[in-house]
Amino acid sequence: MHQLTTSFVRRLRDRDDAAWFELWQVFGPVLRGQLMKWGNGRVGFETVRDLSQQTLAALSTSIERFDPTRGVRFSTWLLAIARHALSDEMDRRMALKRGSGKRPAHLNEDWMGGIGGAVDAAYERKIFEAKVAAAIRRAESSSDFMSFEVYRMRVLDGRSGREVADQLGVSQPTISRHLSRSRAELRSRLTEIIATWSFTPEEMAEAELAGLSSDDALFDEAIAEIWHCASSTDEPLT
Amino acid sequence: MARIFIIMAIVLGCLIGAAAIGVLLRHLLAPILSGILRVVQFIGRVVIELVADLMTACWNVIVTVLTLPILLIMLLLGRWEAAGRTMSRIGDRFRTVGRRVVGVVTRPAGVASPPRRTPKRTQKKGRRSGGAFPGWRVVGSLESGGSGAVMHIAEPAEGAPADAPDRVVIKCFDLKDGSPLGQMIRESRALDGAKRLGLVIEHDHDEQRFWYIMPFIPGSHLGETLGPLHATGHGLSPQSLLDVLGWSRDLLTTLHGYHASGFWHKDVKPENIITNESGAHLVDLGLVTPLQSAMTLTTHGTEYFRDPELVRQALRGAKVSEVDGARFDIYSAGAVLYYMVEGTFPAHGNLSHFDREHGDAVRWVVRRAMADYNQRYATAADMLADLQYLASSTDVRAVRPADLPSMTGAAVPPSPPPRPAANVPGQHGQHGQHGRPNLEVTDWWSGSYRVNDAVAGAPNLPDAFTQARQARQARLAARAAERQRRREARRARMGGFVAAVVGFAVLVTSYFLVVGVGSDWSTPDAPPVVASIPPGYGNVVLVNDHPRRLEAATAVSAALRDSGWAPTADAAIEASFRRTVPTTSLDGAELAAMAAPVLATHELTAAAIIQASADDPDGVDVVLVRGDGSERYRLPELDAEPVIQSTP
């Protein structure tokens, strides 16, 4: 396992607030989306937010027991905790309906959207997209504003170099320089994020499979595609 | 010349006519069509929504009927609470449908009904009425936020200040109502700043309660205002976009005032922005914090509108004075602008996707405001300059980011004064920021003085009373301006109608004028009618072009003979004459010159070309051509042709 991964897990175990906030930022939206999917219309957005917070709270008490060397993905483990949080919520609701838990609740998982809480490929893809989004966010934070805007307009928005140059009032060679600078920064941040949040060899290989280790043109294309998938699944809003 | 005049008159008439028809369509037909469309739209909406609501009502009846046995069982088993909840749900269903049915009829077509920020006359069940507030009479309440306080609407009563505004908001924390003490202490800390900004009129407390009084700003909050603007689902219209930029500009102006006075709002979000005809107003000062506060930074705020960096710094345990709170407000202002133009929350922060088309410059401003802490606009004034540029442009969508003042380095509004550096001893006690006001006595005899409390460059913020008075005056002025605008629009419509009628009249007149004049001018100079041809002698050959050939030849021959001429109708000579002289296209001396050789050949004195008059087919014109010239005469018109009746 990568050193960054172990140090991050150590930070989580040491109750480092910044590490927990980062975890919340990266995986919170995916977690909420999955809970919403399982809820299948039975839980509202506010409840989902509460449940995702409960999940992280439960994670904080059980992080000591997480052993990455056993080959279990962190995302899978996180999902199992979320599933239990949702089960508890539904049991509590059932008990309330029956009259404050006078009778034991029957654990019925039919409400989980028909998938029974199993980890599906879509969830894993979302987790990967969340990592890429986190890398983009970090690159945006560490890059020069102008450079990242050029990258955003050129790659993420799919505008032509001439158009971007015209809008920003600079020459096309300047656009190319900004573009290569942002791309280099993004590659670096992506490596960092993948190394931090990947606990198994399959997770480490995901970036390469998605075309993020190829040349510049393919890299940009892959980033744009992943980013559009990630941003098109906005959290449900009320 | 005459023809040119005619053409010009026709062109002029057409232009005036086209303009008149345009004005007529614009001012007469368009409103009529629009009215018809509205009526159809209204009827359609009423029918559709009424049918939908009636179906919902039917469904509710079915559900109620099915639920009744369960309800009875609950009652029999003594499950009063569950039965009460069920009955309450049924009641809610019918109340909702009833409200919708009433709303369908009373609401204008195509307009959603945004809830207004108006006081409710009733209090929430279980809430205290708020008790008495000396000098104020409570007339209603507003929805409470998350602070645990009750928001009362009050009007001045006996003992109120003389220049008190018409209405105020009283935010009251009551320990008996469960208001958290921590929140009360936090808000009381913000009062100093709020008073300095003129947001608070007065505050007081007793053993149980703590309250403060603010001017009431009527209107609806931004979330409610934006609903109808985004109702189409295709983004904002150009006018709505300008309105939104104007509100954002108002927000930034207010924030600039906060920052210049040494405070930051910390809770900028759509629910805290009230819009009305006078613009956008930032309310709720529950989290207003001095920029140089020695307190630890907290994570208070609202998700999506709170800078993640604020959370990071708060988790790090940073002090407020160690960060630039103004930048967090700028982030929130950018998030609010995103919310306004997109109609949804910025779920991905600065990387949130833009689905609507508003032009690159608007996107640039949002992204610059929500950029990383160190890379966003340094001051609210910088963002304000960009927004002012956008709001003043004729086509916002056409503005390039490169044109914005923050990119070009153009002049920007005055930046706030430099704030004292963090943790620098001696700075906190200076007047104008955190110390007592500096009074300068202007007249020792009368004791009058003035306050030298203003920091150079800081906005001269009036007190709360003045602000409320100014707001009321602004409202009245806005209403008067609106009335004046409507009056002018009415006048313009009336003027347009009159112009249309006059134009139409001009069109008709010019048409008849053109037709009349054209017919007069298009007619060649008609010769005077003569009883007989002037006397002469010699042989005259008849060249007959008249449609009533025989009658015309007889009449002309008679007239010639009466005048001493010797007419002859020799077909060979006539044919020879026609071969040499084009009788229909020549006139005057030219005709005479061409006819002279023919006349000499056949030893004729003259030729008489007989034609029908141009304006009268029965008229007889005679062109008498001699070797030295030609003259045209008009003989009396021929008798009408006899009607030949068939015999059985």
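Which residue forms a salt bridge with Arg363(B)? I looked it up in this predicted model. The partner is Glu357(B), with the closest N and O atoms 3.9 Å apart.

I then checked the exposure of both ends. Arg363(B) has 11% relative accessibility and counts as buried. The cut-off for buried is under 20%, so 11% qualifies. Glu357(B), at 51% relative accessibility, counts as exposed.

Next entry: a contact between chains. I found Arg367(B) and Glu149(A) meeting in a salt bridge, 3.8 Å from N to O. Arg367(B) sits in helix 8 of chain B, residues 360–369. Glu149(A) sits in helix 6 of chain A, residues 145–156, so this pair joins two chains. Are these two residues buried or exposed? Arg367(B) is buried, and Glu149(A) is buried as well.

Next, a pair within chain B. Arg167(B) forms a salt bridge with Glu155(B), and their closest N and O atoms are 3.3 Å apart. I traced where each one lies. Glu155(B) belongs to strand 2 (150–156) of chain B. Arg167(B) is in the loop between strand 2 and strand 3 (168–174). The two residues are 12 apart, and the pair links distant parts of the chain. Arg167(B) has a relative accessible area of 25%, and I noted it as partly exposed.

Then I turned to chain A. Which residues there are linked in a network of salt bridges? I listed Glu22(A), Arg138(A), Glu185(A), Arg189(A) and Glu192(A).

Terms used
Residues are numbered from 1 along each chain as its sequence is written. Chains are lettered from A and ligands numbered from 1 in the order in which they are written. This is a predicted model: local features need pLDDT of at least 70, side-chain atom pairs count only at pLDDT 80 or more; totals for chains, interfaces and linings use all residues. Side-chain values use heavy atoms; hydrogens and water are left out. A salt bridge is a side-chain nitrogen of Lys or Arg within 4 Å of a carboxyl oxygen of Asp or Glu. Helices (H or I, at least four residues) and strands (E, at least two) are DSSP runs, numbered from the N terminus. Buried means under 20% relative accessible area, exposed over 50%, partly exposed in between (1.4 Å probe, protein chains only).
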